Structures are given as C-alpha cells and as structure tokens.
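Visitor: I'd like to learn how to read a model like this. Could you walk me through it, one feature at a time?

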Amino acid sequence: MSGGGPASPGRSGGKKREALAAGSPIQPIIKDVGEIYSRLLDHRPVIQGEIRYFIKEFEEKRGLRELRVLENLKNTIFETNEHVLPKCEQAMQDNLTETFERLQAANNMIHRLQEREHEERKLQADKQMAREEKRVTHWEEFMKEQQNKRAEVDEEHRKAMERLREQYSEMEKELAKYVSF
C-alpha cells in the first residue's frame with residue numbers, strides 16, 4: 001500500500017480523516033480500526049527494529065570474524081614463507097636437475113633414432129632406385145628383343161608373301177596354258 005490513501009491511517013491522509021471525524025460519534029471506532037490495522041497489518045516498526053538488531057549483530061560478529069580470518073591468513077603466510085617455500089625450492093632444484101638430465105638423455109636417444117630412421121629411409125630409397133633402374137633396363141632389353149623378333153617375323157612374312165606370289169604367278173602361267181586350248 002502506498003501514499004496516504006484510505007487504508008493507511010498512520011500517514012498524513014489519516015490525520016485529515018481524524019481531524020474531520022474528531023467531533024463525530026464514530027471516532028472511537030475509527031481509532032480502534034486504526035489500532036487493529038497497526039497491530040495486524042503495519043509491520044514496519046517491528047521490521048525496522050529487527051533490521052537494526054540484525055545489522056548491529058552482523059557488524060559486531062563480522063568485525064571479530066574478519067580479524068580472526070586475517071590473523072589466520074597472516075599465520076599461514078608466515079608459515080609458508082618460513083618453512084614450506086624453502087622446502088619446495090630445494091625439492092624443485094633437486095628434481096629439476098634430475099629432470100633436466102633425463103630430458104637430455106631422452107633427447108639424445110630420439111636424435112639417434114631419427115638418424116637411424118633417416119639412414120634406413122635412404123637405404124630403402126637407394127634400393128628402390130636400383131630396382132627401378134633394373135626394371136627399366138630389363139624393360140628396354142625386352143622391347144629391343146620384341147623389336148628384333150618383330151623384324152624377323154616381318155621378314156619371314158615378306159619372304160612367304162614373295163614365295164606365294166611366285167607360286168601363284170607360276171600357277172597362273174600353267175593355268176594360262178590350259179585355257180588356251
């Protein structure tokens with residue numbers, strides 16, 4: 001509820017009504033209704049008191065709690081700086097040296113493996129090249145042999161054709177003798 005409407009007798013609008021109803025017989029009823037309203041429906045004074053109490057308690061407890069938290073943090077930081085940090089630095093130095101040596105050993109091993117792999121790949125490539133050259137040489141020989149055989153077959157074919165021509169021309173001459181009868 002807001003403003004000074006008819007439902008809020010505790011505000012300035014309610015004072016005007018009380019002034020108007022001051023001389024009437026219903027004034028005690030209005031007063032009773034206002035008190036009932038204040039007790040049942042208007043909780044602002046009670047809530048404000050509770051809020052003040054809560055804030056007071058919160059600030060007091062919070063202040064002490066924050067001091068305890070800060071003191072604990074200070075002790076933890078001192079403990080860390082004085083005891084834990086030097087131990088961690090020493091452990092780190094010890095482990096870092098060992099780790100560095102292991103890394104160097106691993107790096108050397110990997111380098112040797114890479115060299116071996118590179119040499120093996122080179123050998124494989126050389127073998128592949130030799131096989132390829134051998135295959136090419138073999139192919140060229142095969143093609144030359146095929147050319148020679150083809151030339152021989154062509155020569156035999158030409159000779160056979162020549163013999164057949166001669167044979168057919170002989171047969172035609174003989175046939176021509178018989179046709180003239």
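Guide: Let's start with exposure: a residue is buried under 20% relative accessible area, exposed over 50%, and partly exposed in between, using a 1.4 Å probe and protein chains only. Glu-98, at 36% relative accessibility, therefore counts as partly exposed. Some ground rules: this is a predicted model, where local features need pLDDT of at least 70, side-chain atom pairs count only at pLDDT 80 or more, and totals for chains, interfaces and linings use all residues. Residues are numbered from 1 along each chain as its sequence is written, and side-chain values use heavy atoms, with hydrogens and water left out.

Visitor: What percentage of the residues of the protein count as buried?

Guide: Of its 181 residues, 4% count as buried. The accessible surface of the protein is about 17,300 Å², and carbon and sulfur atoms hold 59% of that. Accessible areas here come from the Shrake-Rupley method with a 1.4 Å probe; for residues, only the protein chains shown count as cover.

Visitor: And how many helices and strands are there in the protein?

Guide: Helices (H or I, at least four residues) and strands (E, at least two) are DSSP runs, numbered from the N terminus. This protein has three helices and zero strands, so the order from the N terminus on reads α-α-α.

Visitor: Now salt bridges. What is the general idea?

Guide: Side chains of opposite charge can pair when their charged atoms come close. The rule here asks for a side-chain nitrogen of Lys or Arg within 4 Å of a carboxyl oxygen of Asp or Glu. The count by this rule is seven salt bridges.

Visitor: Which residue meets Glu-98 in a salt bridge?

Guide: That's Arg-102, with 2.9 Å from N to O. Arg-102 has 57% relative accessibility, so it counts as exposed.

Visitor: How far apart are the closest N and O atoms of Glu-117 and Arg-121?

Guide: They are 2.5 Å apart, and the two residues form a salt bridge. Again we're in helix 3, with four residues, or about one turn, between Glu-117 and Arg-121. Glu-117 is partly exposed at 41%, whereas Arg-121 is exposed at 56%.

Visitor: What about Arg-135 and Glu-132: how many residues apart are they in helix 3?

Guide: Three, so about one helical turn separates them. Their side chains meet in a salt bridge at 2.6 Å, N to O. Arg-135 is partly exposed, at 47%, and Glu-132 is partly exposed too, at 33%.

Visitor: How do I read an aromatic pair?

Guide: A pair of aromatic rings is described by the distance of the centres and the angle of the planes. Rings of Phe, Tyr and Trp (its six-membered ring) pair if their centres lie within 6.5 Å; planes under 30 degrees apart are stacked, over 60 edge-to-face, and the rest tilted. The structure holds one such pair. Trp-139 and Phe-142 form this tilted pair, with 5.7 Å centre to centre and 35° between the planes. They are three residues apart in helix 3, so about one helical turn separates them. Phe-142 is partly exposed at 35%.

Visitor: Last one: which residues form a nonpolar patch on the surface?

Guide: Patches take residues with over 30% relative accessible area and no salt bridge; like charges are joined within 9 Å, nonpolar side chains (Val, Leu, Ile, Met, Phe, Trp, Tyr) within 5 Å. Here Ile-47, Ile-51, Phe-54, Ile-55 and Phe-58 make up a nonpolar patch, with about 480 Å² of accessible area together. Phe-58 lies in helix 3 and is partly exposed at 37%.
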